[in-house]
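Walk through this two-chain model with the viewer open.

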Amino acid sequence: MTYDNAAQHGGPARTHTCPWCGLVTDGTSLSCPACGASIDVGAIVTDSGWTELPGRRDMAKLQFGNSFCQIEGTYVPVADFNLAPGDGVYSAHHVLLWKDPQVNVSAMSLKGAWKRLFAGLPLIMTQAVGPGHIAFSQDSAGEVIALPLQPGQAVDVREHIFMVATLNITYDWFSTGIWFNTRNGDETETHYPLGQFMDRFFAPQTPGLLLLHAAGNVFVRQIPAGHTILVKPTALLFKDPSVQMQLHFEHPAGTIRSWRSWGERYLWLRLFGPGRVAVQSAYAHLHDNGRSITRHSNATRQQW
Amino acid sequence: MKHCPTCQRTFDDEKVFCGGDGTRLVSDAPPAYAEQQSVPPQQQSAPPSSWPSTPAASPSHDYQPPQPAAPQYQPAPTPQPESQHAAPAAHAGPLERIRCEWCQAMNEGTALSCRACGAPLDIKNLISESGWREAPRIKDMTEIHFGASTCQVEGEIVPVAEINLGPGDSIFFEHHVMLWKDDRTPMSVMPLQGGIKRALAGMPFIISVAHGPGRIAFSRDATGELVVMPLHPGVELDVREHAFLLASHHISYSYIRIKGLRNILFGGQGMFMDRFVTGNEPGLLLMHGYGNVFERYLQAGESIMVEPGAFLYKDASVTMNVETQKLTSGFFGGTGMNLARMIGPGRVGIQSMYVHHHTD
């Protein structure tokens, strides 16, 4: 939480800079109108530098364009949009919770349907245009992350994390390049610890609002240039496009290199700064069959 | 000065315990209430104007004068833009009553939570701008009363409902939600019609009944909220199958077949819904909603489209029909999206985490 008393310098009376999204307001409302963060609660930063997703009041209201979004509930929050005429949002169709009958929902075409089909990504995005109410929620306990994107800003999101975005945000996806092969007899299996693809959201000209859903709690960290950090692949939520990734393997010392010795390995995702990364505390179990890795993408290795 | 009631030694006022035997010291000064009683009644200061001398006299806007509980559910009040917190209990007079905003029951002015449903009385309803009101978050260890029994809600993430059954009271429930019970709590089985139909539909074949006196506790297997619904006489409530946790014996239980093949196949809740009906006496119904629970009152003819898996409960007067919308995507043909159209009048309850978690 940052308050600037500019009156002493001849400026406006008082301003408040949201620690989460950076929006500058007069600080008179209870929550940030761009991301919903409570403005009377300071940023919670761990000793190691992770910033916890700021607290959000129940029923916090966000504004984008002429429309509003109200975040309701705390266990499995609902994003309730009040769309103004001409404003619209898109989402995966399975997160739709309820809508006014007059809100028209249609399909949004996506490129590369074959690849998406095989990668397990949703084939169809649905879009809804105002006026009217429409609400979305995910099916797991956690937090809704509001990411206001400024013109020219982009963010990379791990698959199945995305919830809703405004129509002025473009959607694209790219191969993560994070994989390894294991061999079982004559069969070779390819694993994607991070998923085969990542979503990329970009606000080309006008500001937009991106809502993600994370399981458990959310923590964000800024990695300086030249620094690196290891995270569990399934815990990654989003990152700036400037953050690079590769695999990292670790093996405890003293394990017998039998045919099962790879079962004691640790699979990490190494992230290189500069840029912002976010993780969730309740991550999906990363299944590792423990078989020998025959090939893999760029990786580092450490033997304890 | 203070003195020890055991050894009668005297001590200074700042001492708390007797240095000889450790007994808590008693002040020699006369108790405060004695001073108050010494003041003649006619010299007592008048209460603040906002405190009515009698319940019927100029009640403050925060409180309602005592009156019998509303026999029927009242529609939610006008939506409020932001939550507003008040502390009515702290200002209530001895004879005032506080109306619970969730179940409309009247409570003593000093109560912190509703006696009938456990909703905190110092927090107003949270209502979204679109008209959904959030089910009240029941504080840990809140006690709810029904008949000669009590229900204590324990925990907040996956709450437990612990019932202390009074003599003559009983509750019924699906057997898989039982968490623990006293070994001497009497149990029986509720006779049900259409057992084969229920078995084929995947509904519980047996509804268990626990009789007082004794303790028994219930919980479900996912993060969510306990929805406490005191049912007034003459209410019919339809509940998604497997969503009810327990009900008191004053409520009659039946089930209704969902009409229409589309509703059965794409409604996301199988072939049957539970129906709970109260006769001449009120009853208590507890449900468990996955995630957060919201309720909205639909006016006659008003409709809303709801994800079928999110449906939790509705008044029997609300009709529900599943409609399919085709979403095409060129070569792949697309997919269909099924939504339930709920048409008023009546209440509709939804849960925000709508994957059905099987417990078997």
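Which residue of S22(B) does A:Lys99 stand opposite? A:Lys99 stands opposite B:Met305.

The model is predicted: local features need pLDDT of at least 70, side-chain atom pairs count only at pLDDT 80 or more, and totals for chains, interfaces and linings use all residues. Residues are numbered from 1 along each chain as its sequence is written, while chains are lettered from A and ligands numbered from 1 in the order in which they are written.

Now widen the view to the strands. S9(A) and strand S22 (residues 303-306) of chain B pair in the antiparallel sense, over 2 bridges. Two strands pair if DSSP finds at least two bridges between them. Strands (E, at least two residues) and helices (H or I, at least four) are DSSP runs, numbered from the N terminus.

Next, the whole contact. Chain A gives 31 residues and chain B gives 34 residues. Residues are in contact if their C-beta atoms, placed from the backbone, lie within 7 Å. On the chain A side, the elements giving two or more residues are S6 (67-72), S7 (78-83), S9 (96-99) and S10 (104-108). S9(A) provides the largest share, 4 residues.

Finally, the chains themselves. Chain A has 1 helix and 28 strands. Chain B has 4 helices and 26 strands. Of the 304 residues of chain A, 38% count as buried (20 or more other C-beta atoms within 10 Å of a residue's own, C-beta atoms being placed from the backbone). For chain B, 39% of 360 residues count as buried.

Technical notes. Contact = placed C-beta atoms within 7 Å. Buried ≥ 20, exposed ≤ 12 C-beta atoms within 10 Å, placed from the backbone.
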